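Subject: Handover of a structure and the findings from it

Dear colleague,

Please find the structure below, together with its sequence. My notes on what was found follow directly after it.

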Amino acid sequence: MTGQATTLPAEPIAIERLMGTVLAVQANYYWVQLDPGAPIPATCTTQRLLCLRRARLKKVGQQVAVGDRVVVVEPDWQGQRGAIEEVLPRRSWLDRPPVANVDRVLLVFALAEPALDPHQLSRFLVKAESTGLAVTLCLNKRDLLSVADCQQWRDRLRNWGYDPLLISVYQQQGLQTLHEALSGQTTVVAGPSGVGKSSTIGALIGTDLRTAAVSGKLARGRHTTRHVELFELPGGGLLADTPGFNQPQLTCGPAAIPALFPEIQQRLAIAPCRYGDCRHRNEPDCAVRGDWERYPFYLELLEEAIDYEAAQERQRQTESSFKRKIQRDGREVLEPRLNSKRFRRTSRRLQHQAIEETDDL
């Protein structure tokens with residue numbers, strides 16, 4: 001029996017695609033925590049892979065940040081490596097610090113050592129409100145104050161529109177309530193240095209993080225966190241530890257300031273102002289202007305926002321009047337941008353056309 005052998009088409013090789021969350025970024029490497037239920041070989045002892053970003057993502061300028069939901073391909077289970085092929089759309093984004101898909105901001109302050117500064121706390125609260133995320137205020141070191149003093153701070157902050165959680169990491173007080181408030185969410189922890197952020201995160205995740213004592217000379221904390229990293233909560237959820245800083249910068253115009261104060265929103269809900277663009281300073285029939293604690297701070301912040309908006313406008317005008325030019329030595333300089341219609345020489349073709357039109361006349 002003779003005949004020609006039939007060659008069957010080769011079956012396409014299935015590419016294993018895994019879903020995960022970026023927990024940390026180190027140079028050009030990304031630690032990705034794979035989702036529960038991912039098809040991991042029995043010989044693999046971890047759900048974390050050290051991944052690179054595919055060249056295609058680099059070409060299109062797609063950055064990968066902590067908190068990003070990503071698709072991982074080509075897993076090397078033995079070497080615990082992989083490649084990030086796709087970054088899923090983000091539901092939220094913080095640029096400072098760069099964290100994606102955040103649900104809540106946990107603002108941690110200390111009641112003592114260092115003493116709680118209402119002005120500094122207000123700045124952090126306003127910055128946290130500007131993210132558009134839910135804000136939880138946590139006050140650490142309650143063991144250093146009396147019960148009456150703690151209650152006084154709680155009542156004061158409730159007038160601001162916040163219901164603070166008072167905890168003591170040292171005595172393990174109030175941590176269960178904090179666990180319940182953060183469960184199942186991705187939370188960014190923020191606050192000044194030295195208030196116990198790292199200790200609070202360590203108590204929540206069950207791991208000791210590197211801490212430093214409060215500076216005795218300046219009465220404020222020293223930086224202990226150098227980069228953003230996500231930590232898993234035992235009851236579900238993620239915590240993002242961020243570098244500490246003492247004075248968050250304002251980056252919005254005056255029209256956005258009223259929405260950052262719960263007290264103002266409460267007053268406007270009862271009785272709106274006469275003017276829709278009221279800045280709540282000297283306008284008649286203003287429902288916001290009055291004797292409430294943070295009103296002087298609101299006026300101070302409003303002036304800063306006005307100055308910030310004016311500075312942004314001056315910068316835009318400068319950029320439109322000048323052009324950036326790179327010198328041979330690599331220095332970047334600004335040169336005046338000339339008006340082309342005023343300074344450009346008329347071409348010979350246009351000159352000849354003008355002569356011909358004159359001759360026709």
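In these notes, two residues are said to be in contact when they have heavy atoms within 4.5 Å of each other. The structure is a predicted model, in which local features need pLDDT of at least 70 and side-chain atom pairs count only at pLDDT 80 or more, while totals for chains, interfaces and linings use all residues. Residues are numbered from 1 along each chain as its sequence is written, and side-chain values use heavy atoms, with hydrogens and water left out.

The chain as a whole

The chain has nine helices and 15 strands; helices (H or I, at least four residues) and strands (E, at least two) are DSSP runs, numbered from the N terminus. Of the 361 residues in the chain, 39% are buried. Here buried means under 20% relative accessible area, exposed means over 50%, and partly exposed lies in between (1.4 Å probe, protein chains only). The chain exposes about 22,000 Å², of which carbon and sulfur atoms supply 49%; accessible areas come from the Shrake-Rupley method with a 1.4 Å probe, and for residues only the protein chains shown count as cover. Where contacts join residues at least 6 apart in sequence, 61% of them link residues at least 24 apart.

The loop between strand 9 (134–140) and helix 3 (147–160) holds aspartate 143. This residue is partly exposed, with a relative accessible area of 26%. If neighbours within four places in sequence are set aside, aspartate 143 is in contact with Ser168, Tyr170 and Gln171. Aspartate 143 and serine 168 lie 25 residues apart in sequence, and their C-alpha atoms are 6.0 Å apart. Their side chains make a polar contact of 2.7 Å. A polar contact is a pair of N or O atoms within 3.5 Å; within protein, one must be able to donate a hydrogen and the other to accept it, and residues adjacent in sequence count only if both atoms are side-chain atoms.

Lysine 141 is also found in the loop between strand 9 and helix 3. Its phi is near 65°, a positive value in a residue other than glycine. Lysine 141 is buried, because its relative accessible area is 16%.

Glutamate 113 and proline 114

Most residues other than glycine have a negative phi, and most peptide bonds are trans. Glutamate 113 has a phi near 50°, a positive value in a residue other than glycine, and a cis peptide bond with omega of about 5° joins glutamate 113 to proline 114. Proline 114 is in the loop between strand 8 (104–110) and helix 2 (118–129), and glutamate 113 has its place in the loop between strand 8 and helix 2. Glutamate 113 counts as exposed, at 55% relative accessibility.

Tryptophan 292

Tryptophan 292 is found in the loop between helix 6 (262–270) and helix 7 (295–321). With 8% relative accessibility, tryptophan 292 counts as buried. Leaving aside neighbours within four places in sequence, tryptophan 292 is in contact with Phe261, Glu263, Ile264, Arg267 and Tyr298. The C-alpha atoms of tryptophan 292 and asparagine 159 are separated by 8.8 Å, although the two residues are 133 apart along the chain.

Yours sincerely,
A colleague
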